[in-house]
Amino acid sequence: MKFYLIFFSFFLFVVCPVAGQVYIKTDFIGNSSFRDQHNKKVGDANGSARVYEMALMIPVLVKPDRYERPRIWGVSFYGSYTDLNNNQMDRVHAPGEIMNLSLSVIHSRPIHEKWSVMGMIGGGLYTPHRDFSQIRWKQVVGNGGVILIHHFRESLSLGGGLVLNSSFGYPMVFPGLVFQWKLEGKYELDIQLMNAAEITAGVWLNNRFRIGFTAGLYGSMALEKREEKEMVFTHQYVTTGVEGLLSLGKGFSLVGTAGVVPVRMAYYHENTLKAFFRTTEGEHDPHFAASFYGSISLRYGF
């Protein structure tokens, strides 16, 4: 399943809150065997991974509006580094590391009591290394788009629109989608489809500690030239587990998760529209088997 462009279309649109947000997160993915497109083990090939992430959302200008939702101009930064600890694997299967960086300007404004519009323009860098001296222009991706959002109630919003992405080396338009459902109180439910696909359900045991279940879809990609062809490496994984959140006060919270990664895809394909949509009956995306998962993150709202 060639999912990376859909994932990055969702990634283009993040929540644009009145208050700023920062988080730093580390994912630990345990070791497991590597399987090819026929779902067969590739010799003794195996691997684990660590993913380091940082995201920052700064509202630069906030103005009140008659619809009781403010007009906002903001700047969003996202960075991730994936350390792929691959063993007994040929370089043709996967790189040893991935670096993704993106910077965007976001604008959100209400246009009706129940409607608002959100736009974004920015760019990103997607490489199989950390060496800035080796960066190629084809590893720089521009993006932008506009999403129309309907606010059914304070806790539920759904929106759709068009997203512009230059991953193929030329601008292409894709559908964009935003979904957010959040219930707060002693029992909380948070479903989001924006910078990732996430669902969290939990209960506050006291005023400082929440425990619950979480699941999510995350990923990164690298653009590189191999054997005179422009290629894309996609690394995506699904996580499920038990999550604990500890409120540290003054806007800080510490979040830890322990669980499993039932699905972790890792594969190359040509960076063309034809290759993106091409499927072969009976074949799978090359992937790692299920493994242990753990994560820890520090979050701050201001």
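Rings of Phe, Tyr and Trp (its six-membered ring) count as a pair if their centres lie within 6.5 Å, and a pair is stacked with planes under 30 degrees apart, edge-to-face over 60 and tilted for the rest. A search of the whole structure gives 5 aromatic pairs.

The model is predicted, so local features need pLDDT of at least 70 and side-chain atom pairs pLDDT 80 or more, while totals for chains, interfaces and linings use all residues. Residues are numbered from 1 along each chain as its sequence is written, and side-chain values use heavy atoms, with hydrogens and water left out.

**First stop.** Select Y52 and Y81, a stacked pair with 6.4 Å centre to centre and 20° between the planes. Y52 belongs to strand β2 (residues 41–63) and Y81 to strand β3 (residues 71–87), 29 residues apart; strands are DSSP runs (E, at least two residues), numbered from the N terminus. Y52 is partly exposed at 33% relative accessibility, whereas Y81 is buried at 18% (buried is under 20%, exposed over 50%, partly exposed in between, with a 1.4 Å probe and protein chains only).

**Second stop.** Select F252 and Y300, which are stacked because their ring centres are 4.4 Å apart and their planes at 25°. F252 is in strand β13 (residues 252–270) and Y300 in strand β15 (residues 291–301), so the pair ties together parts 48 residues apart in sequence. F252 is partly exposed at 34%, and Y300 is partly exposed at 31%.

**Third stop.** Select K25, which lies over the face of Y218 at 4.3 Å from the ring centre. Then select R226, over the face of Y268 at 5.0 Å from the ring centre. A charge sits over a ring if NZ of Lys or CZ of Arg is within 6 Å of the ring centre and within 35 degrees of the ring normal.

Terms used:
Helix = DSSP H or I, 4+ residues; strand = E, 2+ residues; numbered from the N terminus.
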